[in-house]
Amino acid sequence: MLNQFLKGYCALDSAGGQICDGFFTTPDSHEQVVNLWRLGAFVGNALDVEVQNPDLNHVRDLLASGSPVLLALSLTAQGSPAGGHYVVAIGEGGDGSVLIMDPNPAFGKSNLNDYLSGFGSVKATIAAAVQMLPRVPVTRGFLVVGPPVFDISSVAGTCGSNLDLPSTTAAQPPASGVSSSIFRVRFCDGAQSLYQLDIPLPDGRGSEAQLNIPLANARGSGTQLDIPLPDGRGSETRLDIPLANARGSEAQLHIPLANARGSETRLNIPRGSETLLPSRDRQGAVAEDFTGRDTTGSFTLTLTDLGNPGNRVDLSGTGPMSYKISRSGVQWTATPQSLSFSANSALNAASFTPDLSPGALFSVFGSGMAGPGVKTSIQIAGLPATVIAQTPFQVNGQIPPDITPGAYTIRLSSPYGTAEQPIQIGAVSPGIFQVTDRVAAILNQDNTLNTPENPVRRGQVIVVFCTGLGAVTRQGNLMVAQVPATGLVQGAKWPAAFAGLSPGFIGLYQVNLPVPMTAPPGLNLPLAIQQGNITSNTVQVSIQ
């Protein structure tokens, strides 16, 4: 009965055309695989799909909560691919093994260990895990089906989880050397206004939602940065800043952009077909036919709006290309990518305000900001600005240190075009970095992060990491801010022992603040940096 329902199931698009996708047509074998996201219609829209981590221990946890789990298994025979097989995990045995219901009597196994440990020449791994939950599903989302290399993200991060399924059903007895690939299904709940779909470069490079400030003069492969901590006697002590997130031999300070804003995203897929219209069969129905990626590099990829009315967009092609997924009215659509960003979207990278100054780090938010394998370039008043990091929705850079205050134009160029907007540069624009929305980039004297659980002792020194302290002057080995900086804590002014560039970093400043012995203790006390009549964003510091 369910098969008959799915074979006849067709949603309608806005033009009255049919979207008949109760089944996916897989690559290699062209078999019909149930589209799980259409099962809810069979039970009055009261069933939802949730893709789970296929880790065995996680499956056990789900079973312990009383929920059965649909498992997709990838089988091998004599060490060679033999196709896929589906079972339902229904509980745990007394020995901790996973009990299953095997729908294929030719296999007829009742314990998952039979597959994982192997029987005869057959052995399996868990390729995917899915729960069917008795709840009303989200109807504003969309589904993308294609080769197992694409990814989808938005300003908020990755959307959904990959459901990677074998394209060929294993026979019994399984035949070794079966031509079987994997196809990917990804559901996005549509909570964001714009999304990006990427088919990455062969080297798999991606982007990260964080500010990576490279060390300009990094030596060797060390994972510590020595920050000068001038004392009151003119000599220097050293404060070692462990770079816990440094990868490889590149010494970097990774400051998550916890408050990064952006309203536009971008869709990347290889360039090829410009077709953006639904593909229909001879009866006018929009047919689901996924054939994956062939030996020429071409691929089939479709986007389906699961709303009512629905929509189907064919994104198939060859070679690199980029699209943006966005709503047109009530429907999800895909359009060729272009670069755009609005006025006042070039912001201080720490405070996320329009306050900018010479040498400050800044972030620009928009759409089409970056593409795979190509570096975005930025000019301010015709001067090149150093690009620190780039993502499809955000580019981080440094205002040219030698620029003078005034009104200028910022110009960005990416693979998707060039755009420009006016900006205003001031003498100073102090902004304090934050690690999370409640924890600032402030280190105690023992090199640990200042938090309510780890307050600084009175009489010691904290190091506040910031940007936008403006022009600097060399004093010995240090680059000192020309405009003096002061700490403001609960209305009290704390003189800085040092304010200037953090050695070796691009655009990263630090303010070393001795904590007065008379300072009242407290957790989450307000702290800001002031230069002249300009005050930074307010963060929190804890004092013992």
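Biologist: Where does Phe5 sit in the secondary structure?

Modeller: Phe5 belongs to helix H1, which covers residues 2-8. Bear in mind that this is a predicted model.

Biologist: Is Phe5 buried, exposed or partly exposed?

Modeller: The call rests on relative accessible area: under 20% is buried, over 50% is exposed, and partly exposed falls in between. Phe5 has a value of 27%, so Phe5 is partly exposed.

Biologist: Which residues does Phe5 touch, leaving out those up to four places away in sequence?

Modeller: Phe5 touches Arg38, Ala41 and Phe42. Ala41 is 36 residues from Phe5 along the chain, and the two C-alpha atoms are separated by 9.2 Å.

Biologist: And Phe119: where is it placed, and is it buried or exposed?

Modeller: Phe119 is in the loop between helix H3 (112-117) and strand E9 (122-133). Its relative accessible area is 17%, and because buried means under 20%, Phe119 counts as buried. Beyond four places in sequence, Phe119 touches Phe107, Lys109, Asp114 and Gln172.

Biologist: How many helices and strands does the protein have?

Modeller: The protein has 3 helices and 44 strands. It has 544 residues, of which 50% count as buried. Take the contacts between residues at least 6 apart in sequence: 65% of these join residues at least 24 apart.

Biologist: Which peptide bond is cis here?

Modeller: The bond from Asn308 to Pro309 is cis, with omega near 5 degrees. Pro309 is in the loop between strand E22 (302-305) and strand E23 (311-314).

Biologist: What is phi for Gln78 and for Asn447?

Modeller: Gln78 has phi near 55 degrees, a positive value in a residue that is not glycine. Asn447, which is not a glycine either, has a positive phi of about 75 degrees.

Biologist: Where are these two residues, and are they buried, exposed or partly exposed?

Modeller: Gln78 is in the loop between strand E6 (69-77) and strand E7 (80-92). Its relative accessibility is 64%, so Gln78 is exposed. Asn447 is in the loop between strand E34 (442-443) and strand E35. With a relative accessible area of 23%, Asn447 is partly exposed.

Biologist: Which side chain makes a polar contact with the side chain of Ser502?

Modeller: That of Gln510, at 3.0 Å. Ser502 is in the loop between strand E40 (498-501) and strand E41 (509-514). The relative accessible area of Ser502 is 1%, so this serine counts as buried.

Biologist: How do I read a nonpolar core, and which residues of the largest one touch the most other members?

Modeller: A core is a set of buried nonpolar residues joined through side-chain atoms. The largest one has 24 residues, and those touching the most other members are Ile462, Val464, Trp494, Val511, Leu513, Leu527 and Ile529. Strand E35 (461-467), E41, strand E42 (522-531) and strand E44 (539-543) each give two or more residues to this core.

Biologist: What is Leu513 in contact with, leaving aside neighbours within four places in sequence?

Modeller: Leu513 is in contact with Gln460, Val461, Ile462, Val464, Gly487, Trp494, Pro495, Ala496, Leu527 and Ile529.

Biologist: How many cavities of 30 Å³ or more are found in the whole structure?

Modeller: The search finds 2.

Biologist: Which residues line the second largest cavity?

Modeller: The lining consists of Arg438, Val439, Ala440, Asn450, Thr451, Pro452, Asn524, Gln540 and Ser542. By type, the lining has 3 nonpolar, 5 polar and 1 charged residue.

Definitions and conventions: Residues numbered from 1 in each chain as written. Predicted model: local features only at pLDDT ≥ 70, side-chain atom pairs only at ≥ 80, totals over all residues. Heavy atoms only, no water. Helix = DSSP H or I, 4+ residues; strand = E, 2+ residues; numbered from the N terminus. Buried < 20%, exposed > 50% of the residue type's maximum accessible area, 1.4 Å probe, protein only. Polar contact = N/O pair within 3.5 Å; in protein donor to acceptor, adjacent residues only side chain to side chain. 1 Å grid on protein atoms, 1.4 Å probe; cavity = no way out; pocket = protein on both sides within 12 Å on 5 of 7 lines; lining within 4 Å. Points joined across faces, edges and corners; volume = space filled by probe spheres on them. Nonpolar A, V, L, I, M, F, W, Y, C, P; charged D, E, K, R; others polar. Core = buried A, V, L, I, M, F, W, Y, C linked by side-chain atoms within 4.5 Å. Contact = heavy atoms within 4.5 Å.
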